[in-house]
Structures are given as C-alpha cells and as structure tokens.
Amino acid sequence: MTKPVIVARGLTKHYGQLTAVKGIGFAIQPGECFGFLGPNGAGKTSTMRMIYGFSPVSAGELFVLGWDVQRDIRQIKHHLGVIPQEDNLDPDLKVLQNLLVYARYFDIPKNIARERAREALELLQLWERREAFIRELSGGMKRRLIFARALVNRPQMIIADEPTTGLDPQARHLVWQKLRQLQARGVTLVLTTHYMEEAAQLCDRLAIMDHGVILERGAPQALISKHVRPEVFELYLSNGAEEQLDRKLRGLPVQVEHLGDALYLYTQNGRLLRDELEGVTGIQRLVQRQATLEDVFLKLTGRALGES
Amino acid sequence: MKAHLSFPLAQVSYRAIRVWQRNLDTFLRLWTTESWPPFIEPVMYIAAMGFGLGAYVTQIEGLSFLQFIAPAFVATAAMFVASFECTFGSFVRMEYQKTFDAIIATPLNIEEVIAGEILWGATRAVFAAVGVLVIIAFFGLIQSPWALVALPIALLEGLMFASLAMLFTAIAPAIDAFNYYITLGITPMFLFSGVFFPLSQLPQPVQALAWLSPLTHAVSLQRALALGRLSWGLAWDTLWMAVVALLALNGALALMHRRLIK
C-alpha cells in the first residue's frame with residue numbers, strides 16, 4: 001500500500017460557537033479521485049479550506065503531501081492547484097495576464113510561465129480569448145479559466161470545490177474530461193460536489209458528509225448496492241391512495257421513502273412490484289428507473305429540505 | 001499562531017513584492033488615466049492659493065505665501081494618494097474582487113499580501129511626490145538640492161499613511177466607512193498640519209494636537225528640504241514617522257489576519 005497523500009485525524013473546525021467539522025478522519029491515496037458529497041452546510045468546504053491552508057485547523061491533525069498543514073503550509077501550497085467555489089479571477093488583468101501574474105506568486109520564471117499558461121489555456125480552450133478582459137467572459141469561461149489557473153504550477157494535487165457549479169452541460173463534460181486526463185497523469189483529485197452524476201462519473205471513492213461528520217464512505221457503486229435496492233419507482237399519489245398502496249406492499253421486500261409529495265419504492269425485483277402497482281388506483285404519475293447515488297445520498301442525509 | 005498576532009511583520013518574506021508587482025502591472029495598464037490627478041491637483045492649488053489668495057498675504061517666516069505652501073503639497077499629495085490606495089483601492093480588491101483570497105491559495109500568506117499592498121500605496125505616494133516636485137520646480141519654488149531627499153521622505157510618509165489607512169480598512173464594515181476616515185481624519189490633517197500657515201499661529205493646546213498629526217512632521221520635513229533650512233528637529237520628525245509607520249504596519253497586519261483568516 002502506498003503512503004496516502006492526505007491524512008486527517010480528528011479534524012475539527014470551529015467558527016465561534018459553530019462547529020462546522022466535527023473530528024473527521026480520512027486518508028486519500030495518491031492518484032485517486034476522492035469526492036466529498038453533502039448538502040450545503042455539511043462541512044465540505046470547511047474541510048477543503050483546511051486542506052489548502054485557507055482556514056486554520058481548530059483541532060486534530062491534517063497532513064497533506066507528507067507535510068503538516070499547521071507548520072508547513074507554504075510547501076504544501078507550492079504543490080496544490082486550487083479551484084475555489086467563488087470567482088476570484090483578477091478583473092484588473094486580462095485572461096493570459098491572470099495566469100502569468102498567478103504563476104509569479106509561485107516564483108515561476110517568466111518564460112516557463114508563458115509556456116505553461118499557453119498550455120493551460122489551450123487545454124481549456126481559452127487561448128483564443130487570451131487578450132479578453134475577465135468581464136467579457138461568460139460564467140462557463142470564467143470557471144474554465146479558474147481551472148486553467150490551477151494548473152500553472154503543475155500541481156501534484158487538485159483541490160476543487162464544486163468545480164462545475166453553474167456550467168452548461170458542454171462545459172461540464174469538458175471539465176470532467178480534463179480532470180480525468182489529469183488523473184491519468186497521476187494527479188490526485190479532491191473535490192466537493194452537489195451533483196451525484198459528477199461524483200459517480202469521476203470519483204473512485206466518496207465520503208458523504210452531513211452536519212460536520214462523515215456518514216459513509218466507499219466507491220460509488222458499492223455505496224449504491226449497500227444502501228439501496230437497484231430499482232426505483234417514483235410515485236405521485238392522489239389523496240387516499242396511500243392506504244390502498246400500503247396494503248398492497250405489506251409483506252413485499254420494498255423500501256419506502258418520502259420526499260415532499262413523492263413516494264420512492266426501492267426493490268430487487270422491478271417486474272414483480274410493477275405488477276402489484278398495476279392494481280392500485282389513484283397513481284397520478286409513475287417513473288421506473290435504476291437506483292443512483294442520489295438515492296443513497298437522499299437516504300443518508302434525509303429527504304427533508306433545509307440547511308440545518 | 002499566537003506569535004503572528006504579537007509581531008506579524010516576522011511572517012513577511014520577499015514574496016510581498018509579488019503583490020506589489022501585481023499592482024504595478026494593473027497600474028501600468030491604466031496609468032494614462034490614473035497618473036494625471038496627482039499632477040493636476042498641485043497646479044490647481046498653486047494657482048488658487050498661491051496666485052489668488054497669496055496676493056492678499058504678505059509674508060510668512062520671510063517667505064512669500066506661494067514659497068511657503070508649495071513644498072507642503074509634496075507631503076499632502078503623498079498622504080492623499082497612499083490613503084486612497086489603501087482604503088478604497090485595497091477594500092475593493094479584498095471585498096469585491098476577492099483578490100486576496102486568490103493570492104493566499106498560492107505560497108503567499110495574508111501578511112505578505114497586506115505588506116505588498118502597503119508597499120504599493122507607499123510607491124504611489126512617491127510617484128505623486130515626484131509629480132508635485134516637478135511642478136513646483138517648474139514654478140521655481142525649490143531652492144535647495146536637499147529637495148532630492150524629498151523622495152525617501154515621501155516613501156516613509158507613504159508607508160506611514162498606507163499603514164494607517166490599512167489599519168482602518170481592516171476594521172471597515174463597508175466601503176461607506178471610508179467617508180469618515182477621509183472627512184474626520186485626512187481633511188482635518190490637511191487643514192491643521194502647517195500646510196497653509198505656521199502652527200505657531202494656533203493656541204498652545206491646538207499646537208500640541210497638531211504635533212500628533214502625522215502630516216505635520218511630513219510637512220515640516222518637505223518644507224525644510226525644499227528651502228534648504230535644515231535643523232536637528234527634522235531628525236525627530238523622521239523618527240516620529242518611522243515609529244508610527246512601524247506600529248501601524250504591524251497593527252494592520254494583525255488586524256487583517258484577524259479579519260480574513262477564519
């Protein structure tokens with residue numbers, strides 16, 4: 001087993017009275033793509049910020065690339081590429097200049113910075129826009145530029161906090177593809193996301209967080225088979241139909257979950273359940289599909305809305 | 001972590017220059033629009049105060065009114081430029097553009113970012129001082145080669161005012177707060193620091209108050225240098241500014257750390 005590139009033990013983050021991260025532990029292996037999944041306020045971003053030294057660790061231990069974040073954050077930051085949640089591109093500088101000035105923060109010599117900036121802009125299909133002002137870019141282009149900026153120091157690890165939030169499907173697929181290319185070159189990826197599809201597509205392993213703790217972790221497929229049955233029926237019922245349905249389902253191997261007006265039935269045997277549902281009157285709408293990570297997520301973090 | 005708060009200047013390495021370079025890059029891109037006001041302002045003051053009002057004033061300390069006030073504008077220009085740069089300028093970069101957040105994801109720390117900003121504010125103060133010196137030399141209002149020392153003095157003054165401004169920026173809840181800093185801090189200094197009349201005109205307690213104004217010391221230095229009237233008192237003015245600059249710089253770094261690192 002190789003040495004992990006991130007090790008956290010009892011990692012805790014307080015903001016005044018609030019405890020955002022409550023003593024979590026995890027280890028991330030070199031070259032893997034590790035995702036933190038969770039609703040808003042789960043503690044994902046706080047965890048990421050401690051990894052790249054933006055927020056000090058309140059308690060516990062955190063080692064990144066073999067260094068202690070509380071002592072050697074400068075060395076760590078030399079080798080990280082950070083994609084923050086918000087747009088913090090430099091609006092006073094043009095596209096190419098953004099990368100050159102950023103490279104200078106890493107003490108990268110000018111000629112090398114130029115080469116790498118070009119390479120990164122070409123990779124993210126922004127080279128044509130190198131002389132544009134930031135305000136002239138679309139939201140998706142800005143996001144791609146932030147990504148390009150994170151590459152100029154040739155990072156060993158990319159820390160991406162919701163890398164595709166706000167992107168259209170084309171741009172999202174482009175970003176996914178580039179992240180996979182980086183991973184293929186041996187770069188470790190650590191990301192947070194709200195998108196289950198993104199997590200399922202990209203991540204080798206996931207940690208599902210809520211209220212500052214890790215609820216569950218593992219490979220996406222393993223989590224699905226562990227927590228939910230493979231086939232799902234989504235139902236919308238008219239009044240009174242629920243009782244009738246309850247009688248039908250009694251004794252059948254079915255998991256039932258509620259979310260708002262909808263009812264979710266999970267089963268091993270879709271055909272059997274479908275036949276049973278045939279006889280129920282008052283089903284307004286019925287969708288049958290495969291279980292996804294989203295079902296696991298909703299099951300673990302609760303179906304109720306709200307950022308508690 | 002505690003050590004940061006007591007002497008945060010110890011956290012600053014050469015990397016602060018990277019932030020200074022960033023600001024220089026944006027300045028050079030915009031310099032055609034940004035570098036004019038410091039030149040135009042003293043010309044207007046000299047025209048209005050010197051040639052207009054000055055016609056009614058006989059002599060001050062053996063000088064014409066124009067000779068008396070002109071060198072003081074080297075000091076006031078440096079004060080204004082450094083103060084605006086590290087209040088409005090830094091606040092916009094910090095709060096609206098999130099530039100500081102972006103930089104501290106790189107090997108720089110927040111102390112270096114703030115030190116770089118202050119160094120930049122001081123540099124702009126020197127640019128402004130050069131502007132005024134050129135203008136007043138053009139009007140024949142410089143009488144001594146000692147005026148060249150005006151530039152390092154303007155740098156020190158710039159560091160002091162940039163640090164004081166940053167100290168306020170670190171606690172400013174919103175950008176409107178700077179109106180108070182300018183109206184209640186900078187404007188009274190401009191009026192009561194010996195720019196337009198000698199402080200000996202003022203009642204004794206007010207004179208003592210004026211001694212507390214950082215601008216007073218910069219004005220007395222710049223006037224003495226332009227006129228070649230050197231005295232040992234000037235060493236005290238220099239020391240006064242150096243001590244205030246150092247304290248304000250350290251305080252600004254500590255308060256900014258507290259504001260931004262959560």
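This is a predicted model: local features need pLDDT of at least 70, side-chain atom pairs count only at pLDDT 80 or more; totals for chains, interfaces and linings use all residues.
**Chain B, overall**

I began with the make-up of chain B and found 12 helices and 0 strands.

Next I looked up its dimensions. Along the principal axes, the C-alpha atoms of chain B fill a box of roughly 60 × 40 × 35 Å.

In chain B, 47% of the 262 residues count as buried. Among contacts in chain B with a separation of 6 or more, 82% come from residues 24 or more positions apart.

**Where chain B touches chain A**

I then turned to the contact between the chains. Chain A puts in 22 residues and chain B puts in 19. On the chain B side, α2 (16–34) and α6 (99–103) each supply at least two residues. With 5 residues, α2(B) gives the most to that side. I sorted the chain B side by class, too: 8 residues are nonpolar, 5 polar and 6 charged.

**The six-stranded sheet of chain A**

My next stop was an open sheet of 6 strands in chain A, ordered β6-β7-β8-β3-β9-β10, with mixed pairing. At its edges I found β6 (80–83) and β10 (213–218) of chain A, each of which pairs on one side only. Ignoring direction, neighbouring strands here are turned by 15° against each other on average.

Strand β3 (residues 33–37) of chain A pairs with strand β8 (residues 188–193) of chain A over 5 bridges, in the parallel sense. Within that pair, F34(A) stands opposite V190(A).

**Around β13 of chain A**

Which strands of chain A pair with β13(A), and in what sense? One is β11 (residues 231–237), which pairs with β13 (residues 262–267) in the antiparallel sense over 6 bridges. There, V232(A) is placed opposite Y266(A). Another is β12 (residues 254–259), also antiparallel to β13(A) over 6 bridges. In this case L259(A) stands opposite A262(A).

**Two helix entries for chain A**

First entry: α5 with α6. The axes of helix α5 (residues 139–149) and helix α6 (residues 169–184) of chain A come within 10 Å and cross at roughly 10°. Because of that angle, α5(A) is roughly parallel to α6(A). From α5(A), the contact uses G140(A), R143(A), R144(A) and F147(A), while α6(A) brings A171(A), V175(A) and K178(A). By class I get 3 nonpolar, 1 polar and 3 charged residues for this contact.

Which residues of helix α11 (residues 293–301) of chain A are buried? I found L293(A), D295(A), V296(A) and F297(A). Their cover includes β3, α7 (196–202), β9 (205–210), α8 (220–227) and β11 of chain A. Just past α11(A), G302(A) has a positive phi of about 85°.

Conventions. Residues are numbered from 1 along each chain as its sequence is written. Chains are lettered from A and ligands numbered from 1 in the order in which they are written. Two strands pair if DSSP finds at least two bridges between them. Helices (H or I, at least four residues) and strands (E, at least two) are DSSP runs, numbered from the N terminus. Axes are lines fitted to C-alpha atoms, for helices over the stretch in contact, and angles run from 0 to 180 degrees between N-to-C directions. Two residues are in contact if their C-beta atoms, placed from the backbone, lie within 7 Å. Ala, Val, Leu, Ile, Met, Phe, Trp, Tyr, Cys and Pro count as nonpolar, Asp, Glu, Lys and Arg as charged, and the others, Gly among them, as polar. A residue is buried if 20 or more other C-beta atoms lie within 10 Å of its own, exposed if 12 or fewer, and partly exposed in between; C-beta atoms are placed from the backbone. Angles under 35 degrees count as roughly parallel, over 145 as roughly antiparallel, 65 to 115 as roughly perpendicular and the rest as oblique.
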